[in-house]
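Reader: I'm new to this and would like to learn how to read a protein model. Could you walk me through a few features?

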Amino acid sequence: MSRLFARTLLVVCAGLAVATPAVGQAPRPLVAIELFANLSAGVDDDWLARGLAETISAEFEQIGARTVITARTAGEASTLATLQGRGEELGAAWFVTGTFQRNGPSFRVTARLTDLSVGTTTESVVVDGTSDDIFGLQDQVVAGLLANGAPFESPAESLTQGNDIVEAEGALVEESVRPSAPPVVPEPVDQPVQVPDDVVVSAVGPDRNRTDDTLPGLSDEAFGILQGRPRVRPMRTDSPPTIDGRLDDPVWRSATMLSEFVQQAPLDGAPATEETEIYIAYDSDNLYFGFYLHYADPTMMRANRVDRDTAYLDDLMTVYFDTFMDQQRTYDFDLNGYNVQGDGIINSGGRRGRMGPIPPADRSWDTLFYSGTQIVADGYTAEMAIPFKSIRYPQQAPGVEHRWGFQIVREVKAKNQENIVWSPMSRDVQTFMSQMGVLEGMTDLSTSRNLEILPTVTAIQAGSLGQTGAFINDTTPEAGVNVKYGVTSNLTADFTVNPDFSQIESDNPQIDVNQRYPLFYQELRPFFLEGAEIFDFTSPINFVHTRTIVDPNFGGKVTGKVGRATLGFLVADDAAAGKRDDSSDPAFGENAQVTIGRARYDLYSESHIGATYTDREFLDSYSRVAVLDGQFRLGQATRVNIVAAESQYRDEDGNNLNGPAVAAFLQHRGRNITASTFFGRIDPDFRTDVGFVRRVDQQNNFTNIGYRWWPEHWIINWGPTANYQLNFNHAGIRQDESMGGGVDFEFARNISASAKADQTLERFGGINFHKSSYNISANSSTYRLFTLRGNVTVGDEIYFDPENPYLGRTVQTRLSTVLRPTPRLTSQLDLNTSRFTDIRVGAKEVFHVKILRALSTFTFTDRMLVRNITEYNSYSRKLGLNILLNYRLNALTVFYAGYDDHYRQADLIPDLMDDEFFPATAFRRTNRAIFMKLQYLFRY
C-alpha cells in the first residue's frame with residue numbers, strides 16, 4: 001500500500017505542476033502515452049490500463065519530458081499512420097503504446113516507444129511476471145523503454161510541466177476478444193534481415209484511414225457450405241496498379257481494405273500480434289492485392305532470396321481461393337519479403353497440417369502471376385496481380401456475381417510459428433476449406449480463352465564410360481512444344497509433342513541397401529504435374545503413378561470441372577517399352593499406349609465419390625485397373641475414405657492374373673483427440689503397370705490414437721500416441737504385428753521433439769522375427785540463420801536374404817541443416833546413414849551406408865541464381881556433382897545451363913577392364929553431361 005500511495009502522490013504532484021516552461025527555456029518534447037490495452041478482457045484488471053500509463057508518465061516527467069495520456073476511440077487501431085495523425089493533433093513527437101494480459105497469477109506486459117518523426121520503434125519491451133509484483137513489472141517496463149537512455153533531448157528541470165490527460169469524447173480503450181490462455185514465452189531475438197540500401201524509412205501505406213471492410217456472414221442458402229462465414233467484396237477499378245511493390249497507386253486509396261486478423265496458431269482465436277493491412281481490387285482480367293505487413297520489431301522478419309516455391313522457411317503472405325466454393329480444391333499464391341513467388345494446389349483428400357487445419361500445398365503446380373515487394377522500415381509492402389486466365393472458375397452470365405471461398409494467412413516464423421488469418425479458424429475443425437470466408441461481388445470477368453504455347457529447346461552433350469575404359473560422348477539436340485488451351489474457364493486441354501523431360505534436379509537420395517520393398521520416387525516432370533491433383537485420392541495404393549510412363553513421344557489430356565463433376569483424361573505413347581537390346585525381339589521398337597481417366601462427383605463439403613480407370617497396352621499384354629472411391633466428411637473433425645479396385649493383367653508371355661483390392665480408412669482429428677483406423681485387403685494376383693504398389697497378398701488392419709494438451713506456454717502442446725497393427729496373408733498366416741507408443745512435444749521458439757518405441761513381429765522367408773525399435777526425432781528453427789532436424793532409429797532389423805535371413809541390429813540416422821548466412825545464400829546439408837551389424841557373431845558390421853548431400857543456392861537477382869548439388873554414397877562409392885544456372889523471367893519462361901558429373905571407385909565399376917594407369921581405389925568418371933535448356937511461354 002505504501003508503494004501505491006507513493007506512486008499516486010507522485011502522479012498528483014506531476015499533474016499540479018506548472019504547465020508552461022520557464023522563461024528562456026526551450027519547450028520540452030511531448031510524449032503521448034496511450035492507455036494500455038487489456039488483452040485478457042477481464043474488467044477487474046482495467047485499472048492497470050491507466051496505472052501503467054500514469055507510471056510511465058511520471059517517470060518520463062522525472063527525466064524532463066512533457067507527457068499526455070490519451071486513449072483510442074472505440075474501433076480505432078494503433079497503426080503507425082493513426083499514431084502519427086494523433087501525434088500531430090496533440091503536438092507529440094513520441095508515442096508509447098502497449099498491452100497487458102493475465103493468465104491466473106501470471107502477467108505479461110508489452111510496450112513500444114515510437115519516434116513519430118521518422119516512423120520507427122526505438123524500444124520494444126516484453127515483461128513477464130506475477131500479480132504479486134505488479135509494481136515491479138511496471139518498473140521493468142519503464143526501465144526497458146529507457147534501456148538506452150532518454151531518446152529525447154530535454155532540460156534538466158523535472159517537474160515544471162503538467163501531466164495532461166486527454167481523452168476524446170466517448171473514447172474507450174479498445175477491448176480485444178481473446179480467449180483466456182497462458183501467454184506464450186517471449187520470442188528469441190532473431191538475426192536481422194539484410195535489407196537493401198534503399199530501404200524506405202517512413203510510412204509507405206496508402207494515405208487513408210485504417211478500416212476493415214469485412215462483411216458479416218449470412219445464412220442465405222446461396223452461400224451453401226460457407227453460410228455464416230465472413231465476406232469481402234473487392235472494389236472494381238478502371239486504373240489498375242503498377243505491380244512494383246509500392247502502395248502509391250491511386251487504386252489503393254479507395255480499394256477494399258482488411259485490417260482485422262486473428263491467430264490460427266499458436267493461440268487460435270487470439271488477436272494477431274502484428275498489424276496487417278490488405279487491399280483488394282479487380283478488373284476484368286486480374287485480381288489485385290496490396291499488402292502492408294508491419295513488424296513491431298523488424299529484425300524478426302525472415303526473408304531470403306531463394307528459388308520459386310522454396311521460401312517455406314520464410315515469413316509468407318498467402319491468399320487462398322476455392323473458386324468453385326465446393327471445398328474440394330483450393331489455389332494457393334504466396335510471397336515473401338524478397339518477392340519470391342510460390343503457388344500450389346490443396347486437395348480435400350490431400351495432406352493435412354501437422355498440428356492444425358492449414359494443409360501444405362502441392363507445389364508441383366505452376367502458373368503465371370505478377371508481384372513486387374519492397375522492404376520498409378517496419379516490415380514490407382507487396383503487390384500481386386493474379387490473372388483470371390491462370391485459374392479455373394465457374395462461368396457466370398453477365399452481371400452475375402462470382403462467389404469464391406477465400407482465406408488470407410500471414411506467417412511470422414520467429415514468433416512460435418504464428419499464423420495470422422482473416423477468416424477465424426479453430427483446432428476443433430480439422431478442415432481448412434470449411435473455415436474459409438467468402439470473396440463475392442466480382443462480375444463480368446473476361447471470357448477470353450487462355451492459350452499457352454510453351455516451346456522447349458534442349459541441347460545435351462552426354463558422355464559415359466565404355467567397357468574398354470574409353471569415354472564416349474554424344475550430343476543430342478531436341479525440341480518440343482506444349483500447348484494449353486482453356487476450352488472454358490473451368491476446362492483445360494493440354495497437348496505435348498516430344499516433351500522435354502530432362503531432369504534438372506536429381507531425386508532426393510534414398511538408401512536402397514537391404515530393402516524388402518521397392519522405393520517410391522515422386523514425379524518431377526511438368527507435363528504430368530499439371531492437373532495431377534485430379535488423379536490423386538486417399539488410398540493405400542497409388543493407382544496413378546506417371547513415372548511408369550518413361551519416354552513418351554506425345555501426350556494429351558483434358559482436365560477441369562463441369563458442374564459438380566471433376567474430369568481428367570490422359571493419353572500417352574511410351575517408347576521406353578520397345579527399347580530392347582535384341583533387334584529380333586518382337587517388342588523391339590514397339591510403343592506402349594497408356595490411357596488414364598478419372599471422374600469425381602462432389603457431394604457436399606470435402607466429400608465425393610469417384611471412378612478411375614487405367615490401361616497400359618503393349619503388343620498382346622495389358623494392365624487394366626478399375627477403381628471406385630469415396631470420401632465422406634462426418635462432422636467437423638472426422639472423415640471416412642473407401643476404395644474398391646479390380647485389376648486385369650496379362651504379361652508378355654500370355655499369363656493372366658486378376659485380383660481385387662479394397663480399403664476403408666476412418667480418421668478423427670480434433671483439438672485434443674486424434675484417432676484413425678484402417679482395413680485393407682490386396683489380393684495376391686493384383687497387378688498394375690500404371691500405378692505403384694509395394695506389396696500384395698495382404699489383409700491389413702491398424703489403429704492409431706493420440707491425445708494432445710495445449711498449455712500454450714513454453715510447451716505449446718504435447719501428448720502421447722499409441723498404435724497397433726495386424727496383417728495376415730490370404731492363407732491366414734500372420735505376416736506382421738506391431739504395437740507401440742510415443743510422445744510428441746512442440747515447444748516455444750520453434751522447437752519440437754518426439755520419442756517412440758515399437759515391438760514388432762515380421763515374418764520373412766517362413767520365419768517369425770521379433771523386433772524392438774526406438775526412435776527419437778527433433779527439429780529446431782529458432783533462428784533465421786539455421787534450421788536443424790534430426791532423426792535416429794535404433795533397434796532390431798532383418799537381413800533380407802531370401803536364402804539365409806537373420807536378425808541383426810540397425811542404427812539409422814537422418815540429419816539435416818539449412819544454413820542461411822545471408823539472404824542470398826542458402827545451403828542445405830543432409831546426412832542419411834544406415835548401419836547393420838550381425839549380432840549372431842558379436843557385432844560384426846555387415847554394411848554401413850552414408851549418403852551426404854549438399855544443396856547450395858546463391859541468388860544474384862530476383863531472376864538469376866546458381867545452384868550446386870554435391871552427393872556422395874559411401875556404400876556404392878559414387879560421387880555426383882551438379883551445377884545449374886537458372887535465369888527465370890516468370891513461372892514458365894526459364895533458361896537453364898548446367899553441368900553434371902558422376903564418379904565411382906574404379907574397382908566397383910561393372911565390366912571395366914583393368915587400367916594400369918588408374919589404381920583400383922581411384923575414382924573414375926562414369927558419366928558427364930553439359931546441357932542447356934530454354935523454354936519460353938507465349939500466352940494469348
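Predicted model: local features only at pLDDT ≥ 70, side-chain atom pairs only at ≥ 80, totals over all residues.

Reader: How do I describe two packed helices?

Author: Two packed helices are described by the angle between their axes and the distance between the axes. Here, helix α2 (residues 47-62) packs against helix α4 (residues 134-145) at an angle of about 45°, and their axes are 10 Å apart. That angle is why α2 counts as oblique to α4. The crossing of α2 and α4 is right-handed.

Reader: Which residues of α2 and α4 make the contact?

Author: From α2, they include W47, L48 and G51, and from α4, I134, Q138 and V141 are among them. By type, the residues of the contact are nine nonpolar, three polar and one charged.

Reader: Now a single residue. Is N286 buried or exposed?

Author: For that, look at the relative accessible area: under 20% means buried. N286 has 14%, so N286 is buried. N286 sits in strand β13 (residues 286-294). Its side chain makes a polar contact with the side chain of Y288, at 3.3 Å. Not counting residues up to four places away in sequence, N286 touches I386, P387 and F388.

Reader: And what about A675 in strand β32?

Author: Strand β32 covers residues 673-682. Leaving aside neighbours within four places in sequence, A675 is in contact with L666, Q667, H668, N704 and I705. A675 and N723 are 48 residues apart along the chain, with their C-alpha atoms separated by 9.6 Å.

Technical notes. Residues numbered from 1 in each chain as written. Heavy atoms only, no water. Helix = DSSP H or I, 4+ residues; strand = E, 2+ residues; numbered from the N terminus. Buried < 20%, exposed > 50% of the residue type's maximum accessible area, 1.4 Å probe, protein only. Polar contact = N/O pair within 3.5 Å; in protein donor to acceptor, adjacent residues only side chain to side chain. Contact = heavy atoms within 4.5 Å. Axes fitted to C-alpha atoms, helices over the stretch in contact; angles between N-to-C directions. Parallel < 35°, antiparallel > 145°, perpendicular 65-115°, else oblique. Left-handed = near helix turned anticlockwise from the far one by under 90°. Nonpolar A, V, L, I, M, F, W, Y, C, P; charged D, E, K, R; others polar.
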